[in-house]
Amino acid sequence: MTDSFQSAYQEEELRLNEAIAEIDKQLERLQSIPVYTGHDFTEQVLEAGREDRRQALKKSQPEPYFGRLDFQENGKEEQAPLYIGKVGFDREEASEHPMVIDWRAPVASLFYSFTGGSDPASYEAPEGLVEGLVYLKRNVVIRKQILERVSDTYNRESGGPAVSDEFLVYRLGENKDNRLRDIVSTIQAEQDKIIRAAKNTALIIQGVAGSGKTTVALHRLAFLLYQYKEQVSAEKMIIFAPNHMFLDYISDVLPELGVGDIQQRTFADWASELLDVSMTPSDASETLAFWFETDTGQGTPDINDDVRGRYKGSLRLMNLIERCVEQLEQSALPEGDFSPWDGAVLRRETIAEWFNEEYKPYPLAKRKERVLARLHRWVEMELKKSPSQAVMKERKKKAAGREKSYGSKWPKFEPLVLYKQLFGAAKINGLWSEEFESEIPSEVLNSTRKDLKKNVVREEDLTPLLYFHCLMNEITGEQRFDHIVIDEAQDFSPFQVALLDRFVRGHSFTILGDLSQGIHAYRGVHAWEEMSTLFEPESRAYFALTRSYRSTMEIIEFANGILEKGVGSDLLAVPVFRSGDAVRLVRYNGAADREKDLRRALRHLLSKGNYRTVSILTRTLREAKELHELLATEWPELHLIDGSKQTYQGGISVLPVYLSKGLEFDAVIVADADSAHYAEKAWDAKLMYVGCTRALHELWLLHGEQLPSYVVPEQPEIASQGWPDGV
Ligand SMILES: Nc1ncnc2c1ncn2[C@@H]1O[C@H](COP(=O)(O)OP(=O)(O)OP(=O)(O)O)[C@@H](O)[C@H]1O
């Protein structure tokens, strides 16, 4: 150890002991106060505050902070060491600086946004911009109150260099278990900008694979809850993610950040619940089977704007539904006056005035409800004018029947009824069918009509159905969100986002995705403009994340080659300087060797002993199932991930490549990485890209006779052919 390192370590150890003593002292004091369980409101509030403090201090106890920034504000005489942790807390005795600053506090942003150099740095405080000089940026690793590592990534005394990646590389080199983790100690400047962006903006973020999109979105939620405490609440925030297993995989991050209660759901679950419909359970897997399981090697069917998924997610359909509802509104009011009994008449003009003017601000279903309720009140008033009790009784009976029949002359404002009608699967209201039907692509019209006649509602139908619902019913306060996160947003449609916009206050969105991973392009967007143009320029912002943190340089360069050659994309990832083994390409001879070689590769990776998650990615689910059966004889702990799993258990797994999206593994074997399985088409290249970018440290591709052209590596240093020595 050098002298300066020794002294830095000792200095930090002293500081740590001081912080731990302070936490212990405060906790002891708080725990000595009996918990208040009475009914006095003021006491209850005070008790809640104490309980929050107890919880925060307990959370801080094992690792009170992770970083230090020495900053001298302009106009101040001294630099102050600021310690940054997951939870901030003050000393009990008055002091100029808090003991630990919450990572979300304005001044802590300097720790992340400062990228080095000798120029002044600044941060946005509530009082305005604060400027000054950064002298030191230090990362510390504390585990169970033991100081394990001190790493200076910037020191002004060494001439004001750029902040080094040394600590980041150390963190990225760690092996991963079955959970996504928080990154508070190493958030990068480009990520910090997104995390701290203003609330009422629709943020659209294009990020390369492994750029931290999911992680950043979760940190952003924690930030919004801190920064806008008075305006947002956790229960009113939601993350939409692709499936339950993925939700399970990310479920630890928010509790690690001290944030709970944020809704984490799939769009299908959320929409079906609101609509109160249950989809046919085979739906998602049927769609996946159609797009991913047929004719591998031939490439997937062509995708244009008229395929079912794309059409049902389009603004064309949204617009058509709006016109349907407009027409419905114009023809909703039944013909003729209303007469509760012979001799009494409520003129249609009067009812029309209620419906078209007085109740105009309400949505359709509400307007109908109000008109019918008012009509009922009018009947009651008229009844009072009856000459005798007997007449009144007689009229009342008659009126009840006529009210009922008048009510049934109105259209039914039920989404499924109207949707069926739009597709010609029902003619209940007798409206619009032919005129509007002709605008629907014929293939979509016929297949959807067939489905709806059998009462089959698919995932792709949920958005138009819910839109019908929204145009006719009020969105209640309970249903409205303070913020919506859409992860894997390249698989969302513009119509879905437009629909969700009705459910969120102030266009407060974080929309993240990667067009290069758009393997569900039959329903997702093909360019971000499809979504961004839904928002006015002043209420949207676009960010691009280009650095990839997940994989080694070799894997990233290799995956970039696939994108360049196979997709023709220029959304290439910039690696962090973390080098590992070359990507390994191994050719097997025929089916018998395939199994033998896959076993050999897996055995080799597991024999290294340091990988906690290893996966084999097949092209189809059928192949994953077959392989699972074969390999489970040797590895009974091997998991098959088939799309029905609710949890992700880590360890070794086999899964079709299209289900690996969003996940990551220490080592990945892509089985059958050849032309018989991956065609010379952009979509297949994207699948291959997704598969390869799941690997953190090691990537193997096992293949038959011929490689797709986009997999052939050009630089020998990033990929080696054949078995390594001694395997
Ligand atoms: N600043 C960072 N410091 C440390 N690790 C990071 C950082 N940013 C991202 N990572 C790590 O990189 C990996 C990828 O992150 P994440 O899954 O959030 O990326 P993504 O962009 O959503 O990926 P993909 O689109 O490929 O699924 C994770 O292991 C995450 O912890």
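User: Is Trp 270 buried or exposed?
Analyst: Trp 270 counts as buried, at 5% relative accessibility, where buried means under 20% relative accessible area, exposed over 50% and partly exposed in between, with a 1.4 Å probe and protein chains only. This is a predicted model, in which local features need pLDDT of at least 70 and side-chain atom pairs count only at pLDDT 80 or more, while totals for chains, interfaces and linings use all residues. Residues are numbered from 1 along each chain as its sequence is written, and side-chain values use heavy atoms, with hydrogens and water left out.

User: And which ring does Trp 270 pair with, and at what angle?
Analyst: The ring centres of Trp 270 and Phe 481 are 6.3 Å apart with planes at 50°, so this pair is tilted; rings of Phe, Tyr and Trp (its six-membered ring) pair if their centres lie within 6.5 Å, and planes under 30 degrees apart count as stacked, over 60 as edge-to-face and the rest as tilted. Trp 270 sits in helix 9 (residues 267-275) and Phe 481 in the loop between helix 19 (462-472) and strand 10, so the pair ties together parts 211 residues apart in sequence. Helices (H or I, at least four residues) and strands (E, at least two) are DSSP runs, numbered from the N terminus.

User: Which aromatic cluster is Trp 270 in?
Analyst: One cluster is formed by Phe 240, Phe 267, Trp 270, Phe 481, Phe 492 and Phe 503.

User: Phe 240 is in strand 8, so what covers that strand's faces?
Analyst: Strand 8 (residues 237-240) is covered on both faces, with Met 237 and Ile 239 buried on one side and Ile 238 and Phe 240 buried on the other. Strand 8 pairs with strand 10 (residues 483-486) in the parallel sense over 4 bridges, and 3 bridges join strand 8 to strand 9 (residues 263-265), also parallel; two strands pair if DSSP finds at least two bridges between them. Ile 238 has Ile 484 of strand 10 as its bridge partner, whereas Phe 240 stands opposite Arg 265 in strand 9.

User: Switching to the ligand: which side chains have polar atoms by its oxygens?
Analyst: A side-chain N or O atom of Thr 215 is 2.4 Å from a ligand oxygen, that of Thr 214 is 3.0 Å from one, and a polar side-chain atom of Arg 694 lies 2.8 Å from one; a polar contact here is a pair of N or O atoms within 3.5 Å.

User: How much of the ligand's area does the protein cover?
Analyst: The protein covers 97% of the 630 Å² of accessible area that the ligand has on its own, by the Shrake-Rupley method with a 1.4 Å probe.

Notes. A polar contact is a pair of N or O atoms within 3.5 Å; within protein, one must be able to donate a hydrogen and the other to accept it, and residues adjacent in sequence count only if both atoms are side-chain atoms.
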